[in-house]
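User: I am new to this structure and would like to learn how to read its features one by one. Could you take me through them, giving the general idea and then the case at hand?

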Protein chains: 2
Amino acid sequence: MRALRWDGSRLALARDVPPPKPAAGDALVRVALAGICRTDVEITRGYLDFRGTLGHEWVGGVVEGNAGLVGRRVVGEINVACGRCALCLADLGRHCPTRRVLGIVGADGAFADLIVVPERNLHLVPEGISDTAAVFTEPLAAAFEILDQVGGVSGARAAVLGAGKLGLLVAQVLGRAGADVVVAARHPAQQARAARLGIVAGTPQPGADIVVDATGSADGLRQALALVRPRGTVVMKTTVAGEHRLDLAPAVVNEVTLVGSRCGRFAPALEALAAGRIAVEPLIDAVVPLADGVGAFDRAAATGAMKILLDAREG
Amino acid sequence: MRALRWDGSRLALARDVPPPKPAAGDALVRVALAGICRTDVEITRGYLDFRGTLGHEWVGGVVEGNAGLVGRRVVGEINVACGRCALCLADLGRHCPTRRVLGIVGADGAFADLIVVPERNLHLVPEGISDTAAVFTEPLAAAFEILDQVGGVSGARAAVLGAGKLGLLVAQVLGRAGADVVVAARHPAQQARAARLGIVAGTPQPGADIVVDATGSADGLRQALALVRPRGTVVMKTTVAGEHRLDLAPAVVNEVTLVGSRCGRFAPALEALAAGRIAVEPLIDAVVPLADGVGAFDRAAATGAMKILLDAREG
């Protein structure tokens, strides 16, 4: 089969990869579409020291596994947890200390014709959700994670920093949850895209109750701290590897709460997509055949790029 | 009157300071005892660019003001708020954007014979609280602030970094609230002091639900992030001026919540002191006459120093 693999120095499409073998409890899934995430791009810059097939946002059809699943359209949670530790038993397998993460840590991902996924990670995709929308389940779940972590969203003044894919998903989630949201966006193209999503774009004013840093930049947290009100909340959606200079004294003096936020549960994301409450089409720049995956990565890495989807159906 | 004043380059005891004049709504208080706080020491190193009489932890007797207050023993909250803004109306005058702070920002403090304090900032000191204990109301309120900000303390595994004055107050507060607390303390003197306070001292193990950084050092937050469990809480009690290098990626990946924490309400602190639930005597290194305040500052600034109290009654 084909797989887009990172060997630590080079990204290449291999055409002769042996199909993965599902173990007990696993399903073998034929990938339909998969999305390139900023994390994928970061991995090709050395982040997390991963080797193997990239890709953790995908939709596909089960070809082997539990009879009730074969032939069904599915998406899958990315953390492969032990299922037995205290965090797993608290329904927080996303934080299992021995977890593997599909396409990110110790397990091959979905930029391939086939992927093996634990059946307990799978979610059936409701009829009303298109394949292109279903690929957004994983990043949308990460946006919904904020509602699991932060209270008082309804009626809050919220600012979202970063008008990229994640920022525009977060802004929709917060807005649909009743927050008064402004996405920081200076460029006309960003503002037009936000408008198509029903999101107010502009320059957030200081004094926000909730500020989400989805900039993907080391400077985002500093900006967020300048905008949040005393006793307000900053949601940290940006993972920047390594040490960076930061003055946290204002966060202490103003008693700001900073909440690290990563993956989320798939259920609320799928519900919102099925109900048409979240729009994703304006977030897609292109759908590219898997065979052209290397070039698609360059495009996804460009400044201002939105989502590039890899289509494994076109072979 | 006498006042221990910082002029931006030198700390000196002035003996000819005109007594302050209370305005409407103010009380004039004769200071009995006042404590030297780490913030006072930091101010003499340039923090916050303050000029004037230092001191914000004190107990004294009202000599002018509302008839019901004259002759009463009082302590006072340190933030002088406008009383009219949104934060003040939300009972968060501690965050009023135009606040002055006694002995810290724009208002003379308590290392003096007399201090002017808004009457609404005053709290009567119950009979059962000694003067030496009453001086700890302000830092103890800062410790109790954590209970106002962080839920789930009862039954939590907590680690306190910093076995100084604030750390040992925080450890008592968390322990009395039902947490299983370990204070990081390597030195035998620290461990002995902790033992006298009924606090477990030693080396906290990773996986804590709550970690409080009361180190006063730029490295404290890094240590705290290494000890907190995924989805756990780090309370930031350390204010270090300026930018410092920090890797926050683990906080994002592990979805840690960081809570900036500063001043607190006086009421729970006074209740706990009156009930004898918090011990402060082991936290006192010395009681020094106000006339010897300059030397007392040097002593308070030394590594490992505990609380130095200035006694304005002598002299």
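User: Does Asp209(B) count as buried, partly exposed or exposed, and at what relative accessibility?

Analyst: Please keep in mind that this is a predicted model. Buried means under 20% relative accessible area and exposed means over 50%, with partly exposed in between. Asp209(B) has a relative accessibility of 21%, so it counts as partly exposed.

User: With which residue does Asp209(B) form a salt bridge?

Analyst: Side chains of opposite charge can pair when their charged atoms come close. Here the partner of Asp209(B) is Arg229(B), and the closest N and O atoms of the two are 2.5 Å apart. Arg229(B) is also partly exposed, its relative accessible area being 27%.

User: Which parts of the chain does the pair of Glu145(B) and Arg94(B) link?

Analyst: Glu145(B) and Arg94(B) form a salt bridge in which the closest N and O atoms are 3.3 Å apart. The pair links distant parts of the chain, 51 residues apart, with Glu145(B) in helix H4 (residues 137-149) of chain B and Arg94(B) in the loop between helix H2 (86-89) and strand S8 (100-102) of chain B. Glu145(B) is buried at a relative accessible area of 1%, and Arg94(B) counts as buried at 8%.

User: Which residues are linked with Asp311(A) in a network of salt bridges?

Analyst: The network links Asp311(A) with Arg73(A), Asp131(A) and Arg313(A). Asp311(A) counts as buried at 4% relative accessibility, whereas Arg313(A), with a relative accessible area of 48%, is partly exposed. Over all chains, the count comes to 32 salt bridges.

User: How many salt bridges does the rule find across the interface of chain B and chain A, and what is the area buried between these chains?

Analyst: The size of an interface is often given as the accessible area lost when the parts come together. Between chain B and chain A the buried area is about 3100 Å², and carbon and sulfur atoms give 55% of this area. In terms of contacts, 36 residues of chain B touch 36 residues of chain A. Four salt bridges are found across the interface. Glu243(A) and Arg245(B) are joined through their side chains by a salt bridge of 3.5 Å, N to O.

User: In what order do the 12 strands of the open sheet stand?

Analyst: The order is S14(A)-S13(A)-S12(A)-S15(A)-S16(A)-S18(A)-S18(B)-S16(B)-S15(B)-S12(B)-S13(B)-S14(B), and the pairing is mixed. At the edges stand strand S14 (200-202) of chain A and strand S14 (200-202) of chain B, each of which pairs on one side only. On average, neighbouring strands of this sheet are turned by 20° against each other, direction ignored.

User: Is strand S16 of chain A mostly covered or mostly uncovered, and which strands are joined to S16(A) by bridges?

Analyst: Strand S16 (residues 228-236) of chain A is mostly covered, with seven of its nine residues buried. Strand S15 (residues 208-213) of chain A runs parallel to S16(A) and is joined to it by five bridges, with Thr233(A) in S16(A) as the bridge partner of Ile210(A). Strand S18 (residues 257-260) of chain A also runs parallel to S16(A), and four bridges join these two. Val235(A) has Val259(A) in S18(A) as its bridge partner, while Val234(A) stands opposite Leu258(A) in S18(A).

User: Where do the helices H7 come in, in chain A and in chain B?

Analyst: In chain A, helix H7 (residues 220-227) makes a right-handed β-α-β unit together with S15(A) and S16(A). In chain B, helix H7 (residues 220-227) lies across strand S12 (157-161), strand S15 (208-213), strand S16 (228-236) and strand S18 (257-260) of that chain, and runs at about 150° to S16(B).

User: Which strands make up the open sheet of three strands in chain B?

Analyst: That open sheet has the order S7-S8-S9 and mixed pairing. Strand S7 (79-80) and strand S9 (106-107) of chain B each have a single partner strand, so one side of each is left without a neighbour in the sheet. S7(B) and S8(B) run antiparallel and are joined by two bridges, and the bridge partner of Val80(B) in S8(B) is Arg100(B).

How values were computed. Residues are numbered from 1 along each chain as its sequence is written. Chains are lettered from A and ligands numbered from 1 in the order in which they are written. This is a predicted model: local features need pLDDT of at least 70, side-chain atom pairs count only at pLDDT 80 or more; totals for chains, interfaces and linings use all residues. Side-chain values use heavy atoms; hydrogens and water are left out. Buried means under 20% relative accessible area, exposed over 50%, partly exposed in between (1.4 Å probe, protein chains only). Two strands pair if DSSP finds at least two bridges between them. A crossover is right-handed if, with the strands pointing away from the viewer, the path from the first strand over the helix to the second runs clockwise. Axes are lines fitted to C-alpha atoms, for helices over the stretch in contact, and angles run from 0 to 180 degrees between N-to-C directions. Contact means heavy atoms within 4.5 Å. Buried area is the accessible area (1.4 Å probe) that two parts lose on being put together, summed over both.
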